Amino acid sequence: MAGKGIHIEGLSKRYGEGDTAVLALKDVNMHVAPGEVVGLIGPSGSGKSTLLKCLGAVIDPTAGRMVLGDEVIFDGGWKVRDLRALRRDKIGFVFQAPYLIPFLDVTDNVALLPMLAGMPNDEARTRALELLTALDVQHRAKAMPSQLSGGEQQRVAIARGLVNRPPVILADEPTAPLDSVRAMAVIRILNDMAQRFQTAVIVVTHDEKIIPTFKRIYHIRDGITHEEVGEGRRFD
Amino acid sequence: MISLAGRDILHAWGKFIFTGVGLGLLIGVTLTMAGVYRGMVDDGKVLLDNSGADLWVVQKDTLGPYAESSSIPDDLWRSIRTMPGVAEAVNVTYLTMQVVKGSKDVRAMVVGITAGEAGTPGWPPQLVAGRQITRSHYEAVADIATGFQLGDVLKIRRNHYTVVGLTRRMVSSSGDPMVFIPLKDAQEAQFLKDNDAILMQRRRTEANPAFNRPGVPGLLDAVIASQTSNSSVNAVLVRIQPEFSQKEVAEPIRRWKRLTVYDRAQMESILVGKLIATSAKQIGMFLVILALVSAAIVAFIIYTLTMDKIREIAVLKLIGTRNRTIAWMILQQALVLGVIGFVVGKISATFAAPLFPKYVLLTPADSVLGFFAVLAICVLSSIVAIRMALKVDPAEAIGG
C-alpha cells in the first residue's frame, strides 16, 4: 500500500562483500501513515541506525522499495537524482542531541532549511516564527543556541525538522538527554505536530518512559522488524 | 540566503580578530622585507640620479666606482672633456668609512667633489638647509640621515670639517648616508696614513740607496713627496651634450682612452643585478619562507575552525546544504582572515618602516601584489579544510 506517509517493502542493507558481508537489514517492511507517530525500538546493533540512515537517504539500501508520500524514492536503486534535495525538502530530522548551528540564532536555525531551498529570507523567518510559536519557544527567537535549556533546544530542533513541511520526520532518540517530564513534552509535541502537519513520524528510542505512548511499535532485532500494537497511553 | 561564514565570524569574532592580528604581523614583516628590497633598489637608483652623470668613466675592466674599486689619474678629466659630445667631465671619489663627530661615529660614504656649483655632476642636487661647499678645504655637506647638524665639526682621518649644508636622500647603494667634502681633501683621506706610518715610510725610503743617492740632491724629497700625495680619483662623471647619444660619446672614450665607460642602464644593472643581487636573493628566500609560514598558519587555523564545526557540517549536509555552500563558507572565512591579516600587516609595515635603519620603500604595486598573494595563500590554505569538510559523511549526524 502506498499513499501518503512512508511505505517500505523488503528493504535490505548489506555491508561488505563475500565472507565478510554483514546483512544489517533483512526484508524490512514498514508503513507509517500521515499524522502517525510510531516507535522503532531494539537493542544496540539491531539495525535501528542503519534503517534510519536508509530512510534518511544517507546510505544506499541494497534492495527493496521505499515510497515517500506519492513518490517512489527507492526501488532497487534511488529513483531521485538529488538526494540532498530529497533530504532537505521531504525528510525532517530530529537528533539525539539538538545539533543546532551554534553561530545562528534560534530563528535562523529553523529558517535555514527553507532558505537553502531558495525561499526568501523574510518568508523563511516568518515560517520559522510560526513554528516556534506553535512549539512555545517564540520568546527565545533571537537567542543563540548556547543560551537555551536542553528542552528548548530540542523544541527548536523539532521546529527545524518540521519547517519544510516534510511528509516524514525521523527522530533519533529525541528524548535521550531529557528528564521524564521534558521527554513526555517532546513526545506530545511530536504527536501534535504530526497531527497538525499530517507528517509521519518515526521515533527511534531506547527510552522506556516513552515507549508506552506509541500506538504502534516496530521492534527490530538482527535487522528484522516485527510490528506490534502499542499501548498508546496519554502523554500526561 | 544568509551568510553562514559571516555569522560564524561574528559569533567567534575574538578568535578571528586575534588570529588576524597575529597573521597580520607576519604579513607586516613580509611587506617590510619586500620594502627593504625595494629600498635597496631605490637607493641604487637615487645614487645614480643624484650623481647627475650620463656616463661613468672608470679604471679599465673594473665595475667601479660603486661595485668595485677603481683608480684613474686625476688629470684624465681634461682630455675626456675635449672628446666629442662631452658637456662636462668631473672627478669624483667615493669612500665608505666611519665619520667621527665627538664621541660617536657614523658609517657614511664620503664623496669627494670637484670645485663647481650646484648642478655639477657629483654634487648634491639640492639642500634642505645651509649652503653648498664654497671653500677648497674642510667644509662638508652631510645627508640628514647621518644625524649631523649645521655647524657640527666632523673628523675624517686626521682632518676636521665643518658641516655647512644638509641634504636628503643622498645615500650609497648600501644605504649609507653621504658626506660631501672637497675633492683634494677626499683624495688625501683615501690614502693619508697616520704619523707613525709616514715616519716609518720615510725611514725606509731614506735607507733605500736607490732613492737617497749622495750625488743627486732633491731626489729623496721628490720621492717622499710622491709617496705622501695621491693623484688618483675613482671615476670621472661625464654629462653629455643633448644632441649626442650615450653610445656615441662612450665608444670613443673606451677606444682612445683605454678606459671602461658605463652608461646609465649599464650602471643600473651593475648596482641592481650585481651589487644587491645576493641581498635580493636573501630577501627573496625570506619572502618565500614567510609566505610558507603564513600559509601554514592560515591552513592550521582554518583547519582547526573547521574541525570545531565538524558535527555542524555533518548536520548541514544531512539537512541538504550543498557542498559548494559549505566550501564557500570555509573559503570566505579564510579570505576574511587574510583580509584582516593584510590590513593589520599593511598598517604595521607602514608605521614600522620609518623605524628601520635602512630605507624601506613600500610601493602601492607591492601592496596590491601582496594583497592578492595573501588571498591566493588563503585560498590554497583552505583547500585542506574544504576537502575535510566535503569528506564528512552526513550519516555522522545520526547516532549509531
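The exercises below, each with a worked solution, concern a predicted model of a structure with chains A and B.

**Exercise 1. The contact between the chains**

Task: Find how many residues each chain gives to the contact, and what area is buried between chain B and chain A.

Solution: Begin with the residues that take part, which are 25 from chain B and 26 from chain A. Turn next to the area, bearing in mind that the size of an interface is often given as the accessible area lost when the parts come together. Between chain B and chain A about 2,600 Å² is buried, and carbon and sulfur atoms give 66% of this area. On the side of chain B, the residues that lose the most area to chain A are Met1(B), Ile319(B) and Ile398(B), which together account for 24% of what that side buries.

**Exercise 2. Polar links and the make-up of one side**

Task: Work out how many salt bridges and how many residue pairs in polar contact are counted between chain B and chain A, and then describe the side of chain B that touches chain A.

Solution: First, the count of salt bridges between the two chains is 2. A salt bridge joins Asp108(A) to Arg7(B), with 2.6 Å between the closest N and O atoms. Second, 8 residue pairs are in polar contact between chain B and chain A, where both residues have pLDDT 80 or more. Third, look at the elements of chain B that touch chain A: α1 (4-11), α10 (310-318) and α11 (323-352) each supply at least two residues of that side. The largest share, 6 residues, comes from α10(B). Finally, sorting the side of chain B by class gives 12 nonpolar, 6 polar and 7 charged residues.

**Exercise 3. A helix that meets the other chain**

Task: Decide whether α10(B) is largely enclosed or open, and say which of its residues are buried.

Solution: The buried ones are Glu312(B), Ile313(B), Ala314(B), Val315(B), Leu316(B), Lys317(B) and Leu318(B). Because 7 of the 9 residues of α10(B) are buried, the helix is largely enclosed by the rest of the structure. After the helix comes Gly320(B), which has a positive phi, near 105°.

**Exercise 4. Salt bridges within the chains**

Solution: In chain A, Glu36(A) pairs with Arg216(A), the closest N and O atoms being 2.5 Å apart. Glu36(A) is in the loop between β2 (22-32) and β3 (37-41), whereas Arg216(A) is in strand β9 (residues 216-221), so that this pair links distant parts of the chain, 180 residues apart. Both Glu36(A) and Arg216(A) are buried.

Another salt bridge of chain A, with 3.0 Å from N to O, is formed by the side chains of Arg88(A) and Asp89(A). Here Arg88(A) counts as buried because its relative accessibility is 10%, while Asp89(A), at 27%, is partly exposed.

In chain B, the side chains of Asp42(B) and Arg169(B) meet at 2.7 Å, N to O. Arg169(B) is partly exposed, with a relative accessible area of 23%. Chain B also has a network of salt bridges, which links Lys45(B), Asp49(B), Arg264(B) and Glu268(B).

Key: Residues are numbered from 1 along each chain as its sequence is written. Chains are lettered from A and ligands numbered from 1 in the order in which they are written. This is a predicted model: local features need pLDDT of at least 70, side-chain atom pairs count only at pLDDT 80 or more; totals for chains, interfaces and linings use all residues. Side-chain values use heavy atoms; hydrogens and water are left out. Contact means heavy atoms within 4.5 Å. Buried area is the accessible area (1.4 Å probe) that two parts lose on being put together, summed over both. A salt bridge is a side-chain nitrogen of Lys or Arg within 4 Å of a carboxyl oxygen of Asp or Glu. A polar contact is a pair of N or O atoms within 3.5 Å; within protein, one must be able to donate a hydrogen and the other to accept it, and residues adjacent in sequence count only if both atoms are side-chain atoms. Helices (H or I, at least four residues) and strands (E, at least two) are DSSP runs, numbered from the N terminus. Ala, Val, Leu, Ile, Met, Phe, Trp, Tyr, Cys and Pro count as nonpolar, Asp, Glu, Lys and Arg as charged, and the others, Gly among them, as polar. Buried means under 20% relative accessible area, exposed over 50%, partly exposed in between (1.4 Å probe, protein chains only).
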